[in-house]
Amino acid sequence: MRDPYSVLGVKRNADADEIKAAWRSKAKSVHPDHNLDDPSATGRFAEVGQAYDVLKDPDKRRRYDKAADMHQTIMQQREAARQAEERAKAARANAEKVMEELARANAQRAQNQSQAQAKPKAAAQSQAHAQTQTNNADEPPVEDAEDMIERIFGSGDEATDAAREKAAAQAKAQAQQQAQQQAQAQAQAQAKAKADAAADTRAEAGSETVASADDNAAKAEPAPKQPLPMQAVELVAALVRRWRGAPPEKAPDMTAEVIVTLDDLIAQNTVPMHLADERDVKLPLEAGMTDGHVVRMKGQGLKMPSPIARGDLVVTVRVARHERFRLEGFDLHTVLAISLEDAVLGTETEVETPGGKVPITIPAWSGSDRSITLDGLGLADGDGGRGALVVELRVVLWEKPDEKVTDLMKHMRHGLYV
């Protein structure tokens with residue numbers, strides 16, 4: 001069904017008189033008798049009637065407004081989730097790019113350090129100076145973790161989006177893998193360089209000039225930069241600091257109302273429900289349920305795109321009117337008609353219950369204000385017990401007047417007893 005407000009052409013804050021006037025006007029214009037050549041006139045007329053049926057009833061209108069507002073909220077959350085997913089994809093791509101840059105930079109540094117340590121110590125000073133100039137010209141300035149995060153993701157509220165936590169997790173995993181590979185390669189290169197340097201040191205131990213050159217080269221050599229594992233740890237720590245505390249969202253609970261029969265409730269059957277989002281679910285009726293009982297079905301609410309968790313379905317149970325019994329809590333109430341003589345003298349009779357007829361004793365002088373309670377014949381209360389069957393007595397007269405009874409009542413009114 002379409003929006004009833006748009007069907008009748010009224011605003012959402014229209015009062016009852018405006019809605020009634022709009023319905024009369026619409027019903028008159030789309031009536032099939034006035035549109036004999038239009039095959040869709042019958043359907044449009046029925047749609048106008050359905051829209052008016054919803055809006056004229058305050059309870060139905062309130063439930064529809066609540067459902068419409070919830071639907072609008074869901075659409076907004078879906079759009080927000082879609083945008084968050086797009087930002088998460090961009091964040092993952094940027095994180096991968098950062099890790100590639102870190103891997104290349106540290107591999108180049110490890111290679112340069114290995115080559116510098118493997119060369120003769122006599123030329124260390126000049127090579128160190130040349131290497132320093134080359135590194136300053138070719139390598140980009142070193143960024144710390146915070147600067148790198150700021151350059152890639154920027155600043156502002158978007159950095160706190162919960163969807164970006166995925167990018168942080170992937171960046172951490174890639175950082176650990178690449179850190180292990182680079183650490184192994186760097187350890188092998190350093191071991192080879194130390195062996196070569198030890199051999200050169202032993203060969204040149206007697207030369208003070210070479211030793212002086214070695215000292216100068218050591219002073220001129222720049223301090224080693226942070227290895228990849230340390231940079232990766234700082235990068236992930238910066239990501240966590242920026243995105244920490246963003247819990248996953250959850251879709252709002254979806255409310256529904258189901259009307260069940262008293263027989264289904266007593267038999268604890270499973271009843272089907274058709275929801276507003278065109279889904280069909282089944283509700284099992286259990287002991288402890290009665291009219292107005294609220295059931296929360298976990299994870300049966302609206303399905304939202306990840307990472308928004310699915311909401312719950314909150315169902316209110318309503319029991320349809322029964323021709324014989326009235327439900328109050330877990331007690332069943334029924335009316336038993338008795339004659340005047342049975343009310344005065346008392347009698348043994350039978351009363352109808354959900355499980356069949358049972359005998360009942362009517363005490364003498366039982367008026368219409370009296371009730372008889374039969375325990376254990378009501379609904380299951382969920383604690384192992386059952387409610388009661390409350391029999392409300394109603395004294396009724398004969399279908400036709402009786403002269404003897406009439407004379408007796410006259411004598412009683414005037415104080416004459418026989």
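This is a predicted model: local features need pLDDT of at least 70, side-chain atom pairs count only at pLDDT 80 or more; totals for chains, interfaces and linings use all residues.
Me: Let's turn to H2. Within what arc do its buried residues fall?
Reply: Helix H2 covers residues 16–30 and reaches 21 Å from its first C-alpha to its last, close to the 21 Å expected. Its buried residues are Ile19, Ala22, Ala27 and Val30. Seen down the axis of H2, these buried residues line one face of the helix, because they fall within an arc of 130°.

Me: Which residues are exposed on the other side of H2?
Reply: Exposed calls for over 50% relative accessible area. On the other side of H2, the exposed residues are Asp17, Arg24 and Lys28.

Me: Now for the open space: which element gives the largest share of the lining of the largest pocket?
Reply: The largest pocket holds about 1300 Å³ of space and is lined by 33 residues, with Arg63, Tyr64, Ala67, Thr255 and Ala276 nearest its centre. The elements giving two or more residues to this lining are helix H3 (41–56), helix H4 (58–118), strand S1 (254–260), strand S2 (270–274) and strand S5 (313–319). The largest share, 13 residues, comes from H4.

Me: What about the largest cavity: how much space lies in it?
Reply: The count comes to 1 cavity of 30 Å³ or more. The residues lining the largest cavity include Leu265, Gln268, Met289 and Arg386, and its lining divides into 6 nonpolar, 2 polar and 2 charged residues. The space in the largest cavity is about 40 Å³.

Me: Gln268 has a positive phi, so what is its value?
Reply: Most residues other than glycine have a negative phi. Gln268 lies in the loop between helix H10 (262–267) and S2, and is partly exposed, with a relative accessible area of 37%. Although Gln268 is not a glycine, its phi is positive, at about 55°.

Me: Is Trp365 buried or exposed?
Reply: Trp365 sits in the loop between strand S9 (356–362) and strand S10 (371–374), and its phi is positive, near 55°. With the cut-off for exposed at over 50%, its relative accessibility of 69% makes Trp365 exposed.

Me: Is Met304 buried or exposed?
Reply: Met304 is found in the loop between strand S4 (294–297) and S5. Its C-alpha atom is separated by 8.3 Å from that of Ala81, 223 residues apart along the chain. At 8% relative accessibility, Met304 counts as buried.

Me: One last thing: at the start of helix H12, which residue's side-chain oxygen reaches to within 3.0 Å of the backbone nitrogen of Lys404?
Reply: Helix H12 runs over residues 403–413 and is followed by Gly415, whose phi is positive, near 85°. At the start of H12, the side-chain oxygen within 3.0 Å of the backbone nitrogen of Lys404 belongs to Asp402.

Key: Residues are numbered from 1 along each chain as its sequence is written. Side-chain values use heavy atoms; hydrogens and water are left out. On a 1 Å grid over the protein atoms alone, a cavity is a set of points where a 1.4 Å probe fits but cannot get out, and a pocket is an open set with protein on both sides within 12 Å along at least five of seven lines; lining residues have an atom within 4 Å of a point. Grid points are joined across faces, edges and corners, and a volume is the space filled by probe spheres set on the points. Helices (H or I, at least four residues) and strands (E, at least two) are DSSP runs, numbered from the N terminus. Ala, Val, Leu, Ile, Met, Phe, Trp, Tyr, Cys and Pro count as nonpolar, Asp, Glu, Lys and Arg as charged, and the others, Gly among them, as polar. A polar contact is a pair of N or O atoms within 3.5 Å; within protein, one must be able to donate a hydrogen and the other to accept it, and residues adjacent in sequence count only if both atoms are side-chain atoms. Buried means under 20% relative accessible area, exposed over 50%, partly exposed in between (1.4 Å probe, protein chains only). The expected span of a helix is 1.5 Å times one less than its number of residues. The arc is that of the directions from the helix axis to the C-beta atoms.
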